[in-house]
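Please examine the sequence and the three-dimensional model shown below.

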Amino acid sequence: MAHATSVKQELRRLIEEMTEEEAMDLLDFINLYNEPDVLSPEEEAAVAEGKAQIERGEYITGEELMRELGFPDEPRGEAIRRR
């Protein structure tokens, strides 16, 4: 448990060195992380429309998108292995 205490102590030290603005940004980030994702009615409607489009077959695959954007056809993962 000593490790957890030292982590908390380090966080306290860092927070004490922050400006008020930096502390507010950190608090906003923490609150954002802890809030459940809630969609607005407009976002829920957009998701529903997207699902309906998929059900109607109105979509393209990732491979089709890559070709449409001009990327060469490669076996999946080939470009990554060459790097």
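Read along the sequence, the chain shows the pattern α-α-α-α-α, with 5 helices and 0 strands in total. Helices (H or I, at least four residues) and strands (E, at least two) are DSSP runs, numbered from the N terminus. This is a predicted model, in which local features need pLDDT of at least 70 and side-chain atom pairs count only at pLDDT 80 or more, while totals for chains, interfaces and linings use all residues. Residues are numbered from 1 along each chain as its sequence is written, and side-chain values use heavy atoms, leaving out hydrogens and water.

The predictor's confidence in each residue is its pLDDT, from 0 to 100. The chain averages 86, and 83% of the residues score at least 70.

| Helix | Mean pLDDT |
|---|---|
| H3, highest confidence | 96 |
| H5 (residues 78–82), lowest confidence | 54 |

Where pLDDT is low, the predicted coordinates should not be read in detail.

Helix H3 (residues 41–55) has 15 residues and reaches 21 Å from its first C-alpha to its last, close to the expected 21 Å; the expected span is 1.5 Å times one less than the number of residues. Gly57, with a positive phi near 80°, follows H3.

Of the 83 residues of the chain, 0% count as buried. Buried means under 20% relative accessible area, exposed over 50%, and partly exposed in between (1.4 Å probe, protein chains only). Met66 lies in helix H4 (residues 62–68), and Met66 counts as partly exposed because its relative accessibility is 40%.
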